[in-house]
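I opened my notebook to look up a surface patch and a sheet. Here is what I went through.

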Amino acid sequence: MRQFRSPLIYILGVAAVVSVAIGEPIDAAFIAAVLVLNALIGGYQEWRAEKSTQALQHLLQIRAAVVRDGDVCEIAAENVVPGDRVWLESGNRVPADLRIVSAHGLEIDESLLTGESLAVSKDSAWTGNALTPIGDRRNMAFAGSIVGRGRAQGIVVATGSATHVGQLALDVLSATGGKPPLLERLERFTRVVAAAVLAAACVVAFLGVVLHDHSVQHMFLFAVALAVSAIPEGLPVALTVALAIGTARMSRRGVIVRRLAAVEGLGSCTLIASDKTGTLTCNELTVREIRLPTGERFDVSGEGFGPDGQVKHDGQTVDSGGHPILDRLGAAAVLCNEGDLHRRNGEWIWRGDSVELALLAMAHKIGRTREASLASHPQVNEIPFEPERQFSASYHEADGATDVFVKGAPERVLAMCDWAAESHKLEQMHRLAESMAEQGYRVLALAEGTESCSLDPARAAPEPSGLTFLGFAGMIDPLRPGAREAVRACREAGVRTCMITGDHPVTALAISRDLGLASEPHQVVTGSELARMSPAEMDESIATARVFARVAPHQKLELVESARRIGHFVAVTGDGVNDAPALRAANIGVAMGKSGADVAREAADLVISDDNFSTIAAGIEEGRVAYDNVRKVIYLLISTGAAEVVLVVLALLAGLPLPLLPVQLLWLNLVTNGIQDVALAFEPSEGDVLSRAPRPPSERIFNRLMIERTIVAALVMGFVGFGAFWWMLRAGLTEVEARNSLLMLMVLFESVHIGNCRSETKSALRLSPFRSPILLGGALFALLVHFGTMFVPLGQEVLRVEPLDLTTLACLWALALSIFFAMEIHKWTWAMREHGRVAP
């Protein structure tokens with residue numbers, strides 16, 4: 001995990017050298033232990049990449065039926081070579097990229113590569129050009145995809161890394177993982193802090209030797225003390241605690257953190273590039289609209305295969321038997337069906353093709369079940385669905401007659417119906433089907449009829465004709481509950497959302513309209529259009545477009561890199577193998593936990609446990625809270641460290657002795673301040689994080705506001721502390737006594753200042769201390785620890801401290817309150833300058 005290690009090495013390395021130099025072996029050993037821990041986890045990044053590749057390789061550990069020496073034999077897929085003739089049948093996983101030479105009813109599930117939930121019908125006679133998207137190449141079968149039905153033969157054209165799934169493995173390995181925003185900011189911050197501290201120490205030591213004629217040895221120790229003052233030795237521990245707390249909070253809201261540094265990533269992202277199928281949608285085909293030949297429209301509620309929902313007409317719920325034609329359409333849907341949908345132990349269980357299950361769920365909502373319908377209408381014959389036929393039919397006995405129920409493609413079923421009495425209706429129905437398809441629906445037509453002669457179950461049934469048209473069922477993969485609201489919440493939080501999918505542009509546009517992402521066709525960019533774009537044109541499209549359809553996996557990766565190139569912090573969501581390269585290349589990769597492929601989860605930084613896009617909005621909130629707390633901890637440590645630097649420099653310029661000993665500085669930085677900064681990491685949300693815009697990607701941790709606050713706090717604590725030290729020496733106190741009181745004053749400064757750190761803009765008086773009991777307890781505990789050392793012989797000897805009288809303590813408390821009033825005045829002036837009002 002080198003990316004997470006590097007920001008800490010600058011601080012820890014300097015601190016370790018300093019600790020050895022000043023003769024503090026215990027502190028040096030502690031810091032060395034932290035460095036060793038970071039070294040032990042240094043190989044984590046490489047391990048993740050290897051796991052992603054292994055997960056992809058598992059997809060190819062399959063068997064294949066090939067023709068060798070004129071015989072069909074089964075061999076390991078790794079032994080398949082280009083030119084082999086491979087046999088495929090239902091249930092097989094395709095062993096290599098194949099050019100299909102013959103096929104019979106072949107349908108292949110290619111969601112592995114495209115993310116599209118519906119199986120693709122294949123045709124060996126189809127031809128196309130090189131720019132045709134993967135999902136539209138009907139004469140190809142791709143390695144790793146699964147044969148849903150039918151059989152075929154194909155010639156191997158690519159194996160191993162030359163296949164499309166192999167290219168995904170190479171993309172995962174070659175993709176330069178985007179750094180989480182916190183890492184980028186911390187790396188800049190730690191480099192600047194380390195360089196500034198060392199430079200300041202060297203300059204001060206040089207000035208002391210040249211201007212004040214101090215010895216080189218004396219000024220070296222002085223420079224070491226200055227470095228100890230400025231370096232926030234407790235920062236690595238405090239940051240780890242802050243991020244670990246953020247991890248726990250996010251897990252309670254359904255976001256599992258796989259990389260600690262990614263905790264605040266969602267809070268800093270400016271663009272979410274989301275997959276459609278399984279992320280924004282349910283990945284379960286659902287009947288959403290029914291249109292009857294009378295022109296009546298019925299809306300169907302509910303999502304997925306579970307039959308929870310209602311069928312409504314003009315806003316009124318339609319009960320079982322409430323509409324004769326609709327009831328007959330429901331009967332056709334369940335009788336001409338090979339799926340299975342039933343309840344077991346209080347849960348819905350299903351098996352079968354997604355189209356069949358969508359029809360069963362719709363029929364359940366109007367009171368029709370397959371079991372009850374078969375009991376009254378036993379099946380006597382059937383014509384199973386084949387892509388060449390474009391329909392399926394089922395024959396049933398009823399009242400001494402044979403009824404036939406048909407479903408299939410609109411143009412095919414309409415041609416089988418009798419329109420003699422209403423010839424004008426046929427054209428209307430064709431237009432209606434086209435209109436529904438333009439809305440993104442997969443349209444299925446249903447019809448019924450009666451056979452005049454009895455059928456022999458042992459013989460093939462005749463093709464139906466003279467049917468009565470019952471209506472159209474419009475199906476779509478619906479939005480997940482809460483997805484629309486989550487996209488709106490992200491927009492209100494200043495985070496832009498775009499959809500990247502391998503699905504058809506019409507379907508993508510229909511979903512994007514529901515989400516509020518896009519409303520017009522020109523707002524959708526297709527994969528073939530992306531293939532013709534230059535990098536500059538792609539940068540422009542990512543800046544303006546919201547929907548990208550028929551996109552290949554490598555194009556998802558290019559879009560992510562384009563977004564990062566124009567300055568976005570990018571979060572990518574996905575659940576399939578095709579999403580893995582983009583997940584790895586993003587600043588923050590977010591995989592789905594339930595439906596997500598192992599490859600996607602291994603490549604991601606965060607995992608959504610409930611597969612719900614709305615959980616991402618919660619992740620944004622918790623990420624921003626985590627980043628706020630990181631800033632609060634850094635501000636506390638840097639401002640108090642800077643105050644110690646001011647104090648030491650003023651003492652040097654005034655010709656006074658060291659105001660604090662190195663061991664006392666370490667006590668302040670590692671113990672009293674260390675306890676409080678860890679407690680500060682538990683601070684809850686201020687309540688307005690989602691109403692803020694995301695911080696600009698170019699913004700550093702030390703932005704203008706934090707620089708101002710650090711300067712004010714450092715000057716106040718440094719000057720007040722110096723003044724108190726100078727006065728005590730003038731009043732006749734010894735150096736030991738003055739240092740004892742000054743150390744107590746600095747501890748009290750920290751206890752008061754921690755209240756200022758709870759919010760950058762809100763008054764400390766508006767934040768109840770009981771709102772954060774851990775922080776209150778931490779501040780009191782740090783005080784008690786210091787008070788305890790003043791009465792314990794070992795503490796007195798190590799820190800050179802002794803108990804103080806109540807009068808002195810009261811005076812020191814009064815001086816410590818100066819930092820509270822100074823920061824309150826700064827918050828007030830900041831609010832007036834930035835917003836023209838007092839901070840709420």
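Which residues make the nonpolar surface patch of about 530 Å²? I found V203, F206, L207, V209, V210 and V216. This is a predicted model, where local features need pLDDT of at least 70 and side-chain atom pairs pLDDT 80 or more, while totals for chains, interfaces and linings use all residues. Residues are numbered from 1 along each chain as its sequence is written, and side-chain values use heavy atoms, without hydrogens and water.

**Entry: the patch.** I noted the patch rule: residues with over 30% relative accessible area and no salt bridge, nonpolar side chains being joined within 5 Å and like charges within 9 Å. Areas come from the Shrake-Rupley method with a 1.4 Å probe. A salt bridge puts a Lys or Arg side-chain nitrogen within 4 Å of an Asp or Glu carboxyl oxygen. Helix α6 (residues 181-212) gives the largest share, 5 residues. V216 sits in helix α7 (residues 216-230). (Helices are DSSP runs, H or I, of at least four residues; strands are E runs of at least two.) I looked up V216: its relative accessible area is 62%, so V216 is exposed (over 50%; buried is under 20%, partly exposed in between).

**Entry: the sheet.** I traced an open sheet of 8 strands with mixed pairing, in the order β8-β26-β25-β24-β9-β21-β23-β22. Its edge strands, β8 (255-257) and β22 (524-526), each pair on one side only. (Pairing needs at least two DSSP bridges.) Strands β21 (residues 496-500) and β23 (residues 547-549) run parallel, joined by 2 bridges. M499 has V547 in β23 as its bridge partner.

Note on methods:
Buried < 20%, exposed > 50% of the residue type's maximum accessible area, 1.4 Å probe, protein only.
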